[in-house]
Every structure is written in C-alpha cells, then in structure tokens.
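Let's take a walk through this structure together, one group of contacts at a time. Have the sequence and the 3D view ready.

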Amino acid sequence: MRRVELLPRLGIEPPVGRRLRAVLSDAIRTAELRSPGAVRVLDAGCGHKSPLVRFRPRIADLVAVDIHEPADPLPWVDDFAVVDLCGRRAWTPREPFDLILSNFTLEHFPEPDIALAHFRRWLRPDGTLVVTTVNRWHPFVDAYLRLPDGPRRRLQPVLKGSAADAHPLVGACNDPRAIRDALSHAGFVAVRIETVPNLARAWGRHRATFVLGVAGDLLTRAMPSRRSTILAVASPAP
Ligand SMILES: C[S@@+](CC[C@H](N)C(=O)[O-])C[C@H]1O[C@@H](n2cnc3c(N)ncnc32)[C@H](O)[C@@H]1O
C-alpha cells in the first residue's frame, strides 16, 4: 500500500489536490459560461508542474510565469514569461485573465502585497483568483519557517518531493487572517478561505518525515484554522 493511501483511513482529508480541483473546475465553468471557448488562465509561479494541466482542454490560452526559466520545456503552456511577481515593474499580459492560480507560492514571496496587487490588475473584473500556501498557525509549519536559513535550506530537500521543489522560503503572509487582510487590501472581495491537512503529503518523501507529517495533521484535525495548508479564493472588487 502506498503511504498516502493510509491518510484517508486516519481521517486526514480532504487532500489539497481534491479541493483545488473542485475550486478550479468551478472557476473554469463560470469562465466558460462568460467566454465560451476563450477562457484565459495564468499560472503564477508555475514551477515545473501545474494542477491546471487536467483542465487544459477547457482553457483556450494558458500562460505561465515564474521567476526562473523552467529547467525543461512546459508542454502544457501556450506562453511562458520570466516574471518576478514581487517586482514593482512586473509584466503586463496581452489580455486580462479569467482565472489566476498561484499554487504554493505565497510562502516564497518577500513582497506578497505587490504580487496580489499584480494579480488584481491582471484579472478581468469578473475573474477569480485561487491561491494555495502553507499555514503558520500550524505549529510545525511555523517552527519550520522560523528555522534559521542555513538549517532550513539543508532540511528543505529532505522534506520536499524533489530537490527542485525547494525554493527560498519567507512566510511573510501565511496565516488565514493575514491572507484575508492582504487580499482585501489588494482589492479583492468575496474572499473564501479554507484549510486542509497536507503535511503528511507534503513531507511524505521519506518514512520519518511522513510520520512527522501524519502527527502534524492529526494534531490539528480538530482545529480547522490550524491545519497546515490554506486554499483561498477571491474575486476583484467591482
Ligand atoms: C513550491 S513552488 C510551486 C510551483 C508550482 N506552482 C506547483 O504547484 O508545483 C514555488 C514556485 O514559485 C516561484 N516563485 C517564487 N518566488 C517568485 C517570485 N517572486 N516571482 C515569480 N515566481 C516565484 C518559484 O520559482 C517556484 O517555481
């Protein structure tokens, strides 16, 4: 049995992937009704894999940006640009987007307010922003983010799915209240925030870190606001 198959048996659910798929599917359905056959989506901080790939047939134009060039081509995107999302003079899309996804990126942003303001400008007025990130109200996540840079850099490749997924961490806007406030400040409304247990999955590369993750997920099972992972959905203010 694969380790992750144990998690539902332990009551550690829903997986962030399942919730994210549901939220993305809803947002794309709304966009399809508005612009049939012309849905435009941005993956902001795309890395080398995207939960948007499964929706590709429903997306007319899929643009991806990241602060780094991808190590390998991204066959699922129509267009890629190197963009520092926290840069004051970022980039301007050809046309606004129906949906922007920024998946596990906020914890890396030194200036999250700047990135959220860009997302606000790049969305259509009736578009949707979806953000996922880690939750500092989880004690293990907070401890991890508080580690001095050196030890944390050494630990990161052990915890992450691959060394390529280990990026500098900041954690400047990483709890449900901070994210809600930052989204409102950036001009978003209808902010919906949910939390899911994701430590065992995120840290599941090795047996020891998987067990630590399971302990962390069980610890906060009855405390929703402290679960390890945040999924936020918001719309631009009219
Ligand atoms: C943990 S990875 C997540 C990648 C991808 N979204 C995923 O779901 O697998 C974080 C990504 O954010 C990117 N990133 C970090 N800071 C950034 C910035 N200031 N501007 C643009 N991208 C950034 C990193 O290069 C990395 O690809």
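Glutamate 95 is partly exposed, because its relative accessible area is 40%; that label covers everything between buried, which is under 20% relative accessible area, and exposed, which is over 50% (1.4 Å probe, protein chains only). This is a predicted model, in which local features need pLDDT of at least 70 and side-chain atom pairs count only at pLDDT 80 or more, while totals for chains, interfaces and linings use all residues. Residues are numbered from 1 along each chain as its sequence is written, and side-chain values use heavy atoms, with hydrogens and water left out.

Back to glutamate 95: its side chain meets that of arginine 94 in a salt bridge, at 3.3 Å from N to O. The term stands for a side-chain nitrogen of Lys or Arg within 4 Å of a carboxyl oxygen of Asp or Glu. Arginine 94 counts as exposed, at 62% relative accessibility.

How many salt bridges does a search of the whole structure find? The search turns up 16. One of them joins glutamate 194 to arginine 19, with the closest N and O atoms 2.7 Å apart. That pair ties distant parts of the chain together: glutamate 194 sits in strand β6 (residues 188–196) and arginine 19 in helix α2 (residues 16–34), 175 residues apart. (Helices, H or I with at least four residues, and strands, E with at least two, are DSSP runs numbered from the N terminus.) Glutamate 194 is partly exposed at 23% relative accessibility, and arginine 19 is partly exposed at 24%.

Another salt bridge stays within a helix. Aspartate 149 pairs with arginine 152, their closest N and O atoms being 3.2 Å apart. Both lie in helix α5 (residues 149–159), three residues apart, or about one turn of the helix. Aspartate 149 is partly exposed, with a relative accessible area of 43%, whereas arginine 152 counts as buried at 5%. Elsewhere, salt bridges that share partners join Arg34, Asp98, Arg124 and Asp126 into one network.

Now for the strands. Where does β4 sit, and how is it surrounded? Strand β4 covers residues 97–103, and seven of its seven residues are buried, so the strand is largely enclosed by the rest of the structure. Strand β1 (residues 40–44) pairs with β4 in the parallel sense over three bridges; strands count as paired if DSSP finds at least two bridges between them. Leucine 42 has isoleucine 100 in β4 as its bridge partner. Strand β5 (residues 123–134) also runs parallel to β4, and six bridges join the two. Here leucine 99 stands opposite threonine 128 in β5. To get from β4 to β5 the chain passes through α3, and this β-α-β crossover is right-handed: with the strands pointing away from the viewer, the path from the first strand over the helix to the second runs clockwise.

Next, the rings. The structure holds four aromatic pairs, where rings of Phe, Tyr and Trp (its six-membered ring) pair if their centres lie within 6.5 Å, and planes under 30 degrees apart count as stacked, over 60 as edge-to-face and the rest as tilted. Phenylalanine 119 and tryptophan 122 have ring centres 6.2 Å apart and planes at 55°, so their pair is tilted. They are three residues apart in helix α3 (residues 112–122), separated by about one helical turn. Phenylalanine 119 is buried at 1% relative accessibility, and tryptophan 122 is buried with a relative accessible area of 1%.

Tyrosine 144 and tryptophan 203 make another pair, with centres 5.9 Å apart and planes at 70°, so this one is edge-to-face. It links distant parts of the chain, with tyrosine 144 in helix α4 (residues 139–146) and tryptophan 203 in the loop between α7 (199–202) and α8 (207–219), 59 residues apart. Both tyrosine 144 and tryptophan 203 are buried. Ring pairs also link Trp91, Phe97, Phe119 and Trp122 into a cluster.

Finally, the cysteines. How many disulfides are there? The count is zero, taking a disulfide as a pair of cysteine sulfur atoms within 2.5 Å. The sulfur of cysteine 173 is 11 Å from the closest cysteine sulfur, in cysteine 86, which is too far for a bond. Cysteine 86 is buried, with a relative accessible area of 10%, and cysteine 173 is buried at 5%.
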